[in-house]
Amino acid sequence: MLQINDALSLEDFYKVLFENAEIQSSSQNLSKIEASFEFLKNFSQNKVIYGVNTGFGPMAQYKIKDKDRIQLQYNLIRSHASGAGKPMEPLYVKALMLARLNTLSLGKSGIHKSVVEVMQQLINKNITPLIFEHGGVGASGDLVQLAHLALVLIGEGEVFYKNERRETKEVFAEENIQPIKIEIREGLALMNGTSAMTGIGIVNIIYAKCLLNWSVFCSSAINEIVQAYDDHLSEELNTAKKHIGQQKIAEKMRNHLKDSKLTRDRNEHLYNDTADKNTYFKEKVQEYYSLRCVPQILGPVYDTIEQTTKILIEEVNSANDNPIIDVENEHVYHGGNFHGDYVALEMDKLKLVVTKLSMLAERQLNYLLNNKLNDILPPFVNLGKLGLNFGLQGVQFTAVSTTAENQTLANPMYIHSIPNNNDNQDIVSMGTNAANITKTVIDNTFEVLSVEIITIVQALRYLDFDEKLSKKTREIFKEMNKIIPEIKEDFPFYKTNAELKDYLKNSAVY
């Protein structure tokens, strides 16, 4: 049971999303929520407060009569539940709900406590509101996506439950869940925030970390396959640059290869009198960049993931509502904490570096498949009859086309603001679009890495290095052998690709 108290970490999200840990709001948080609710109820009686007794957006100039204030919140929810496109996958909706529950638990939104209590039940029972990918512009919050969440919380709309799409009211009756109470501004508080882009972004970070680990594995194993010189990974070389990410990646690769009998010491091969007498070296003095420059290429990926994690965890633990209810200072502040630029920028940065990771994988793959480059493997690592069989020729096309799609998708959303809402929202973040596109780039990259790993396994079978391989490579090679068949006769690869992709997404090598 995860206690929702002061702040959530990335590890907390992982436990709830991937280990199905249940959550419980602490008594301290519930007390803050109740205090905020009672304060706002009293404070708002003789004042004009946005979204409590006014319309919304450009219609905030209109005062709402006291008798219509509750209906105002229902109208807001129902009118903005207007999403389109594909339904969000349950994992991402669960992350969205946890993000929204956490920010509302800070006691700065003036909501009735039933909001977090019902959301907690949905998370713990794996009841997934129907929320669509398209809709939010990420400025006055993720209004459309969060409206679909709010619609379910008031007992309307649809949910996914036990792999079925069903009416919310049916599932609530079955599970004895009562809808939330609309009292003051519960509709606006649920919708005015960045929790859709942040929830999707948190899952993106978790998967990006997984991708980086697999890329380090691939890069290390290829260094063994080609029996590369090891000085490009040395601490001395990589600390000559001050970037933490570069140093971390080089360290990870050194640890992976520490017991390998295949990587070579330059002192033994090129720094001696015999080598000095040669006028031509058949073997390369330095490897291609996709092998030699891995710390310099994956280092920025590491650093960006770390920075993106910091920003998104700050966002998820922030009050991203409007207005902000300040019980301590007995005031209500109007502003723009719902604006998603922080998250939008981080998602664009993340999809950019993940795209570069996919490009590195594609180049490493090409090196292994092109016998004229590596000079140690048959064309397309073909273990069948050359000419009659095709080896891995077909799957290379998939990896190349998918990488090319990433290169197009890597263009930023952060600068694609389109004014809307009668120009009230005259500059917006497009943060949820950025998060969703990053999700696609990450998913694509798992496909590219799947092809690369299939090729690495095929190459290791051909070379039969056995005990010369590092312990780490041997361990993963053993696991991959269970999924990837030995490829001599041609067969359709799509099932193997899909199974391996699923394995990679649910595993981490470090």
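My entries below go from the pocket to a helix and then to some backbone details.

**Ground rules.** I am working with a predicted model, where local features need pLDDT of at least 70, side-chain atom pairs count only at pLDDT 80 or more, and totals for chains, interfaces and linings use all residues. Residues are numbered from 1 along each chain as its sequence is written, and side-chain values use heavy atoms, with hydrogens and water left out.

**The largest pocket.** I looked up its volume, which is about 690 Å³. I noted that a pocket is an open set of points on a 1 Å grid over the protein atoms alone, where a 1.4 Å probe fits, with protein on both sides within 12 Å along at least five of seven lines; lining residues have an atom within 4 Å of a point. The volume is the space filled by probe spheres set on the points, which are joined across faces, edges and corners.

Which residues lie nearest the centre of the largest pocket? I found F56, G57, H80, L143 and N421, out of 33 lining residues. I sorted the lining into 13 nonpolar, 19 polar and 1 charged. Here Ala, Val, Leu, Ile, Met, Phe, Trp, Tyr, Cys and Pro count as nonpolar, Asp, Glu, Lys and Arg as charged, and the others, Gly among them, as polar.

Helix 3 (69–80) and helix 6 (143–153) each supply at least two lining residues, and helix 3 gives the most, with 5. Helices (H or I, at least four residues) and strands (E, at least two) are DSSP runs, numbered from the N terminus.

**Helix 5.** Is helix 5 (residues 114–124) largely enclosed or open? It is largely enclosed by the rest of the structure, because 9 of its 11 residues are buried. Buried means under 20% relative accessible area, exposed over 50%, and partly exposed in between (1.4 Å probe, protein chains only). Among the buried ones I listed V115, M119 and I123. Just after helix 5, N126 takes a positive phi of about 55 degrees.

**Backbone details.** I checked N163, a non-glycine with a positive phi of about 65 degrees, in the loop between strand 6 (158–161) and strand 7 (164–167). N163 counts as exposed, at 84% relative accessibility.

My last stop was P323, in the loop between helix 15 (294–316) and strand 8 (324–326). The peptide bond from N322 to P323 is cis, with omega near -5 degrees.
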